[in-house]
Every structure is written in C-alpha cells, then in structure tokens.
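Thanks for making time this morning. I would like to walk you through one model, so please bring up the structure and keep the sequence beside it.

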Amino acid sequence: MSEEQLEAPQQVIGEEPDTSRGTVRPITVVGNPVLHHPCATVTEFGPELHALIDDMFVSMYAAEGVGLAANQIGVAQRVFVYDCPDDDNVRHIGVVVNPVLDDLEPSQRNLDDGNEGCLSVPGAYAELPRPDFAVVRGQDRDGKDVAVEGTGFFARCLQHETDHLNGYLYIDRLSKRDRKDALRQMEEKSPRYEVVPNE
C-alpha cells in the first residue's frame, strides 16, 4: 500500500525493524502472475523467513510504502509487513504471517470511502469503500499467534495487504471504469522506485 503522509505520529505500537539488515528488492506490478494467485501458507519459521521479512521492510521503506506483501517482491508466501498510521495518528509497525481477516458483524461494518493506492499500481489512486475497522489474525515471525486490530487508514492497510496474499489488488474491487482509470493513471506516471517489468 502506498503512503499518504500524515503528521508525525504521537505514539508507536510495535518495534522499528533493523534496516541495516535486508536488501531492497524491486516491486512487482499489476500483470505479474505472482500478484494474481493466492500465496502459499508459511510452515517454516526460521532464518529464511526472517531474511525475507528484513528484505520486505527495507523494500517497503525504499518505495515509501506503508504496507508490503511478499508477492509484491515476487515471493508467493503469505506474509506482509506494515509501518502505517491510523486516523488517530498512532503509528503501527509489524509483520503478520498467514493472515486471515475476521468477518465483521454488520454493526461493525462502517464503510470509509477513502482513497487507496498500491505500490504494485504505481502512481494511481482511486476511491474504494472499505470497513473502517479490521482484525487480522496470524503468526509473528517466530510462529507465535498474533491478532492485529486497526481503525481508519490502518484498517484499510490490513485489508489491502491481506487481499494481496489472496491474489487480489485493490483495483480488482473497483468498477470497470474506475479500474481502467487507475491503469491509465499508472501508464501516465513513472514509478519513483524500481519495479519488475512485465514480460
């Protein structure tokens, strides 16, 4: 998910990653097959996964994003990282492995019509209604169970990144006309970060 810069956060939930580790990888863009299929469940929690998470954080920061799914750097595994503010200006940092979104009760489904962007659709934004509250359950980098709750912009991020791992981009949730408009916006702009060209 791409950054919509807000004021400096007043509070931080989570731990800042060590950005001295990890390698910046190019971002896959819409049309790359890895983005359009569900990702594999992670079963090994060890050095290989930790190295992937390090790469994901530094790649997200290099692209000025607030969330990044593993398939956005070409790895079809169910992992996403985030460093994202909510609407109360609280900064949330973390990783979720094998995320599953809770189904919300109808009373919890208050839709927010905010703008959404994506590092895999560089330069494009569209209005997309999503619930303004989300709960994602999964594991941390060591395989321990976690539940992450978000409101506002952070709730949007949690839904957006989980969608990625299920093989969906935010533009897949748009009307045909809005999707076409988002792809046109992407074509008209050059990405500010390295991307993997589609063959």
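Arg130 has a relative accessible area of 4%, and because that is under 20% we count Arg130 as buried; please keep in mind throughout that this is a predicted model. Which residues does Arg130 pair with? With Glu116 the side chains meet in a salt bridge, at 2.9 Å from N to O, and since Glu116 sits in strand E7 and Arg130 in strand E9, the pair ties together parts that are 14 residues apart in sequence. Arg130 also forms a salt bridge with Asp163, where the closest N and O atoms are 3.2 Å apart, and because Asp163 belongs to helix H2, this pair ties together parts that are 33 residues apart in sequence. Both partners are buried as well, Glu116 with a relative accessible area of 0% and Asp163 with one of 6%. These residues belong to a network of salt bridges that links Asp112, Glu116, Arg130, Arg156, Asp163 and Arg173.

Let me turn to another pair, Glu64 and Arg192, whose salt bridge has its closest N and O atoms 3.6 Å apart. Glu64 lies in the loop between H1 and E3, and Arg192 in the loop between H3 and strand E12, so here the parts tied together are 128 residues apart in sequence. Are these two residues buried or exposed? Glu64 is partly exposed, at 42% relative accessible area, whereas Arg192, at 58%, counts as exposed.

Glu64, whose phi is positive, follows H1, and the buried residues of that helix pack against strands E3, E4 and E5.

Note on methods: Residues numbered from 1 in each chain as written. Predicted model: local features only at pLDDT ≥ 70, side-chain atom pairs only at ≥ 80, totals over all residues. Heavy atoms only, no water. Contact = heavy atoms within 4.5 Å. Helix = DSSP H or I, 4+ residues; strand = E, 2+ residues; numbered from the N terminus. Salt bridge = Lys/Arg side-chain N within 4 Å of Asp/Glu carboxyl O. Buried < 20%, exposed > 50% of the residue type's maximum accessible area, 1.4 Å probe, protein only.
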